[in-house]
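I opened the model and kept notes as I went. Each entry says what I looked up and what I found.

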Amino acid sequence: MSFITEILILMLAAWIGVEVISKVPQMLHTPLMSGTNAMHGVIVVGAILVLGAAAGGVVQTISGIVAVGFGAANVVGGFVVTDRMLQMFRRRPEPPKGDGG
Amino acid sequence: MSRVDLIEVAYLIAAFCFVLGLRWLSSPRTARRGNGVAAIGMTIAIIATLVDQRVVDYVWIVIAAIVGGSIGALVARRVQMTAMPQLVAVLNGLGGGAAAMIAVSEYHAHGAVSTGALGAVLAVSIMFSAIVGSISFAGSMIAFGKLQELLPGRPITWPAQKLINGALAITILGLAAYASLNFNDPLLWIIVVLALLLGAVAVLPIGGADMPVVIAFLNACTGLAAAATGFALGNSLLIIAGVLVGASGTLLTQLMSKAMNRSLASVLFGAFGGGGGVVATSASGEVLPVLEISPADLAAQLVYARRVMIVPGYGLAVAQAQHPVRELADLLIERGVQVAFAIHPVAGRMPGHMNVLLAEADVPYDQLLEMEEANPDFPQTDVVLVIGANDVVNPAARDDPNSPLHGMPILEVDQAEHVVVFKRSMATGFAGVENLLFHDPKTRMLFGDARKSLAQLVQAVQAV
């Protein structure tokens, strides 16, 4: 991939990101944050490439293990906790029925 | 199609899932689906990467992923909603740490091929992700320590702070430039250690009240570090996802700074908040009176009101009073009173935190109003209940040009007919600023633990 292509991708992603994220209401800013947090866990993809490489020496193995571990915790933790939060958001309760917790 | 093309297609699908996920986060009805779709995108990306021909050794990957993933899942399932800012800080730090580790590894791999200068793109991207990733890791861990109260929440200051930070930053940049031109493995480790130090000393002086801004800012940093890693590895998905996160973090940082009327620079370098309390005095120096109200009197007032607005602050969450407040709201709605919650953008310890805490207590989201929606309603509101909030309802922010809060947008509760403030004592808010609202003739105070006061109030309402 050429540098120009990469820059193009970066600019398009930034534009789409600002467009989409500016529409997220204040109410959902915490899930937005933990959700995007999970998304930067995509770094685990890079970590896998580094750790799985054949030529890896000790430095690469150790830094790779740390990176994959961190990245995996980041991804799983981020998506799980965001889901937990979002399932709590609900509309006005259905008319009297049960205790609702 | 070759395998490389297939992987690129998988990355494209993953990127599309991320964007769609963020798009669906714009409404609470579709938000959960959005998060799910983003998670599917992530799964596709990880599978695609695992079949990449460059990946030949799976043992360590599997072990590290299982250990990391299980810890992440366990913590995410157990964490209390009040502790959400801490968790977000930690996850954020992990992402930053991973980016820095990848940079170290890539730099080392380069050294195996040549000990000369790195290409410009590779040099900038490796150094950027090593430095910013490390700053984000250390900064997030300090933020975690402050939020978890392992470290004091007040600003920690020492002499020549800015000078030391500046010198540290310049040293790091100088070493990074040198290490880009001449391969030197230990030097990169030194850079990483110095960047960790910089991240720590940059966040230590920041007060608890400014944490929403700091967390949003560190979130943006990690996103950009991930994007830089994408440049170093020539990986389009990392660039896209990293920039999406960077954009989100930057927007939230701006929103939070605006909601507190503070520039990012003044948050990062200001050491603001957490001062001692002072007793309110009028211009002539006498102590101003405060009027109290009993739960029984307040109950009667509430039941006969047409419109009641509740303003929750972080103190509500500290007192674990979300459930009793929801009970009170339900009771009043049953009696035909209109009830809504007005939420200031910086209520809580991170953007949108209060909404999550109320959602957890089963408050329907259509009862939650943002500041812009709530402010025009206050003049038609009979009673405002301010629970555990202080600075965000301080009229001095609007009226007193000499107040440190001046210019911060507030919930204009003093426009309502009656105001009742639930408060433990007369202590000041995080900004350490006196609040004249408490001494307003239309204001009554209900002193005590918010949870207990609300329980008494609920009983009193039932008795009316």
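**Entry 1: strands of chain B**

I began in a strand pair and found that B:Val386 stands opposite B:Val421 in E5(B). Before going on I noted that this is a predicted model, in which local features need pLDDT of at least 70 and side-chain atom pairs count only at pLDDT 80 or more, while totals for chains, interfaces and linings use all residues. I also noted that residues are numbered from 1 along each chain as its sequence is written, and that chains are lettered from A and ligands numbered from 1 in the order in which they are written.

For the element names, I checked that helices (H or I, at least four residues) and strands (E, at least two) are DSSP runs, numbered from the N terminus. Two strands pair if DSSP finds at least two bridges between them.

E4(B) and strand E5 (residues 418-423) of chain B run parallel and are joined by five bridges. I then looked up E1(B), which pairs with strand E4 (residues 383-387) of chain B in the parallel sense, over five bridges. In that pairing B:Ile310 stands opposite B:Leu385, and B:Met309 has B:Val384 as its bridge partner. E1(B) is also joined to strand E2 (residues 338-343) of chain B by four bridges, and these two run parallel. There, B:Val308 has B:Val339 as its bridge partner.

**Entry 2: burial of the strands**

I needed the cut-offs here: a residue is buried if 20 or more other C-beta atoms lie within 10 Å of its own, exposed if 12 or fewer, and partly exposed in between, with C-beta atoms placed from the backbone.

Which way do the residues of E4(B) point? B:Val383, B:Leu385 and B:Ile387 point one way, B:Val384 and B:Val386 point the other way, and all are buried. Strand E1 (residues 307-312) of chain B has five of its six residues buried, so it is largely enclosed by the rest of the structure.

**Entry 3: chain B as a whole**

I counted 17 helices and six strands in chain B. Its C-alpha atoms fill a box of roughly 80 × 50 × 35 Å along the principal axes. Of the 464 residues in chain B, 52% are buried.

**Entry 4: two domains**

The domain assignment divides chain B into domain 1 (79-269) and domain 2 (295-463); such bounds come from an automatic or database domain assignment. The centres of the two domains, taken over C-alpha atoms, are 37 Å apart.

For contacts I used this rule: two residues are in contact if their C-beta atoms, placed from the backbone, lie within 7 Å. By it, 19 residues of domain 1 of chain B are in contact with 15 residues of domain 2 of chain B. Helix H4 (84-113), helix H8 (211-233) and helix H9 (236-259) of chain B each supply at least two residues of the domain 1 side. That side has 15 nonpolar, four polar and no charged residues. In this sorting Ala, Val, Leu, Ile, Met, Phe, Trp, Tyr, Cys and Pro count as nonpolar, Asp, Glu, Lys and Arg as charged, and the others, Gly among them, as polar.

**Entry 5: chain B against chain A**

How many residues of chain B are in contact with chain A? I found 96 residues of chain B in contact with 82 residues of chain A. H4(B) gives the most to the chain B side, with 18 residues. That side divides into 61 nonpolar, 24 polar and eleven charged residues.

**Entry 6: the nonpolar core**

A nonpolar core is a set of buried Ala, Val, Leu, Ile, Met, Phe, Trp, Tyr and Cys residues joined through C-beta atoms within 7 Å. The largest one has 196 residues, and those with the most contacts inside it include A:Val44, B:Val311 and B:Val386. H8(B) gives this core its largest share, 17 residues. Leaving aside neighbours within four places in sequence, the contacts of A:Val44 include A:Val68, B:Ile46 and B:Ala98.

B:Ala160 has a phi near 55 degrees, positive in a residue other than glycine. B:Ala160 counts as exposed because it has 9 C-beta neighbours inside 10 Å.

B:Gln320 also has a positive phi, of about 55 degrees, and is not a glycine. B:Gln320 lies in the loop between helix H12 (314-318) and helix H13 (322-334) of chain B.
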